[in-house]
Amino acid sequence: MEAFLGRPGWLDVGRCRRSVLVCVRAGTSLRSFGAERGWSVGLKEVCGAVKEGLYQTSNKVRRAGLDALLGGTADDKTNASGDSVKALDVVANDLFVDALGRCEFVNMIASEEEDDVVVKEDPNEDGYAVVFDPLDGSSNIAACIPTGTIFGVYKTTGSGPDQALQLGSKLALAGYCLYSAATILVLSDGSGTFAFTLDSETGDFVLTHPNIKVPQSGSSYSVNDGRFHDWPTGLQQYITDIKNGRGRTGRKYDTKYICSLVADVHYVLFRGGIAMNPRAHLRLVYEGNPIAFIVENAGGAASTGVGRILEVEPTKPHHRLPIFVGSRLDIEELESYDDKGGVRQMHNPGYKY
């Protein structure tokens, strides 16, 4: 926290939140991309600070085994959400706090690993609030399963911590970074969704997937089937129907489940289908809103099971809710099953988060 103390080709994307001309040329660096999109100086600087955190975290993930960062913390720490904190969670959080704290345009941060919103003493009138989950899926690190970082950026119009708890629809920028065979940054500024690949030789993120579009329907779903018998009857019926080819598409859906939100969503973003956690477990501020913003701007949909995630007002930094994201037609079909016994699991029958 010390870093915050005392520191002063072209395509018309008309279907997204705002209609603008966007650069879709592969090979563009992240910084050049922001300049060509007309981002403000402040937003470009904030994105640069986030990029630094992503680059450093990617290196730490790759060296986790060598640096003895595969296990938990020495004191078995839990975060404000009650989740067990891994050693690499702490390292990643510190890297982002440091990188963001050195950016003059970051007025406040909210992290899954911090109890409360942290506000800079001397806010910039052209500044931003940055919310982030520094390492999603960290429990998978020891098995070398993909993990990621999720973040969102809001323009601040005041100095109170509530500026980090805005509606997801007001995001200026949202993204996630997938640490896997390659390090992939997927982001949206409200007009399209784009993916950049980290060039490890230069340290630059380079545009490799311009203007991503989620297929309107898919043939797979991502959820922990082991908890089927704890689900409400509507969700049980939905999964049973699509597995057996009795859904809208007539296809028999199969399971693609990694238990890492970034990895599960990344698959759906490119292949279609639906990724979900029906429990009120995932965080709206750090996970739900940024992911929903990315998916919607790629033509997909993001739902609580009964409505749009981006329209949910956060009540606190660690606000939890069910999340269903993916292909628009699959999400619409899923929501229709709420009348058949519900699709949201609003209780915890004894298993630990």
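Trainee: Is Cys-259 buried, partly exposed or exposed?
Mentor: Cys-259 is partly exposed, having a relative accessible area of 42%, where buried means under 20%, exposed means over 50% and partly exposed lies in between, with a 1.4 Å probe and protein chains only. This is a predicted model, in which local features need pLDDT of at least 70, side-chain atom pairs count only at pLDDT 80 or more, and totals for chains, interfaces and linings use all residues. Residues are numbered from 1 along each chain as its sequence is written, and side-chain values use heavy atoms, with hydrogens and water left out.

Trainee: And Cys-144, buried or exposed?
Mentor: Cys-144 counts as exposed, at 71% relative accessibility.

Trainee: How many disulfides does the structure hold?
Mentor: The structure holds 0 disulfides, a disulfide being a pair of cysteine sulfur atoms within 2.5 Å.

Trainee: New topic: what is the strand order in the open sheet of 5 strands?
Mentor: The order is 12-11-13-15-14, with mixed pairing; strands (E, at least two residues) and helices (H or I, at least four) are DSSP runs numbered from the N terminus, and two strands pair if DSSP finds at least two bridges between them.

Trainee: Which strands stand at the edges?
Mentor: Strand 12 (254–255) and strand 14 (301–303) do, each with a single partner strand, so one side of each has no neighbour in the sheet.

Trainee: How do strand 13 and strand 15 pair?
Mentor: Strand 13 (residues 274–283) pairs with strand 15 (residues 320–326) in the antiparallel sense over 6 bridges, and Leu-282 stands opposite Leu-321 in strand 15.
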